[in-house]
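Dear colleague,

Please find the structure below, with the sequence. My notes on its salt bridges follow.

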Amino acid sequence: MGRPFGVPVYVAPSWFLVAALITWVFGGQLDRILPDLGAARYLIALFFAVAFYASVLVHELAHTVAALRFSLPVRRIQLQFFGGVSEIEKESETPGREFVLAFVGPLLSLVLAGVFYLGMFTVEARSVPGVLLAGLMISNLIVAAFNLLPGLPLDGGRMLRAVVWKLSGDPMTGTVAAAWTGRALAVTVLIGLPLATHATGLSRGESVGSLNSLTDALLAAILAAIIWTGAGNSLRMARLRARLPELRARVLTRRAVPVTADTPLSEALRRANEAGARALVVVDGQGEPTGVVREAGIVSVPEHRRPWVAVGGLSQDLTEGMRVSAELAGEELIEHLREVPATEYLVVEETGEIYGVLSTGDVERAFVAAMSKSRTA
């Protein structure tokens, strides 16, 4: 849809389903309040659906601006089923920043609700602008109240995480507390929402039909599933981040031997075997590295042809970003490999000395292992 503040905004296919549902429901309400509109009520209801999600976008932009203010990269904003999400790539460094980052979204929704409320005084209540402003005010209040519920993945859960983090001094403790609170909230929504709507209908003397009860139960189940799944994902991601420091370039790097570009592959492999190395680095006459021999290239050469194939033809020239510091670890290592895609990287010491070769395959296997441990932890 665009790139406000340099962050791309996407609309998920599920949004169109929700927009159609909002158009149908709000159109029915308009028919009761303003019966003279006729079929035009659905066009007005569609406008309301778009305006509502524009409010959701403002909510997410508040998170985005705060993240950028704290130097946290934002991959994208996505509008989807039941709201939106700002994909912030890194965690906040302090609980205070985490709290602010979470709170600004509901705060902007409350501000929008106030603006729409003031706007209602400038128009007639029983008019199209009056109904639209009233609907946007109520919907933004609901968005703010729902997001302030204290459980992950909601903003209130992130605020709770920040508070527990501040009190305990451990971000993982805050995540666990907020995630389990989110799961408890999911169960409460699943059971409590249908009961609350049923009790409200009885207190007003209204008959509660089976269709309405089924709709309430289905809505509660969807909301509960979203909250439960989000809480679980937040917990798994926190556990994964806790294990990411185990991914260290120095540990994952293969020992390498330097060879010149005209060295036959068979001779280069013999030297590597003698040295107990598993990788080859191509160097020039002064011993400066110029390329990394690709493992896939070595495997593709039959053994009987290896004495006649020079390693220079199997190497990948070193480009900017393919030199990796042996001290890189965790998210910094993953981010560097993501920004500079390659199959192998030259790992060097701070002095510039060759340490070895880092294979993307080795990093991927270590990452999958870390993910498996985070699921079972």
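Is E349 buried, partly exposed or exposed? E349 is partly exposed, with a relative accessible area of 22% (buried means under 20%, exposed over 50%, partly exposed in between, with a 1.4 Å probe and protein chains only).

This is a predicted model, in which local features need pLDDT of at least 70 and side-chain atom pairs count only at pLDDT 80 or more, while totals for chains, interfaces and linings use all residues. Residues are numbered from 1 along each chain as its sequence is written, and side-chain values use heavy atoms, with hydrogens and water left out.

The whole structure holds 16 salt bridges (a side-chain nitrogen of Lys or Arg within 4 Å of a carboxyl oxygen of Asp or Glu). E349 makes one of them with R250, at 2.9 Å from N to O. Because E349 sits in the loop between β9 (344-348) and β10 (354-359) and R250 in helix α8 (residues 249-252), this pair ties together parts 99 residues apart in sequence. Helices (H or I, at least four residues) and strands (E, at least two) are DSSP runs, numbered from the N terminus. R250 is partly exposed at 29%.

E98 pairs with R161, their closest N and O atoms being 3.3 Å apart. E98 belongs to helix α3 (residues 95-120) and R161 to helix α5 (residues 155-168), so the bridge links parts 63 residues apart in sequence. E98 is buried at 2% relative accessibility, and R161 is buried at 8%.

E274 and R270 form a salt bridge at 2.5 Å, N to O. Both lie in helix α9 (residues 265-275), 4 residues apart, about one turn of the helix. E274 is exposed at 61%, whereas R270 is partly exposed at 39%.

Regards
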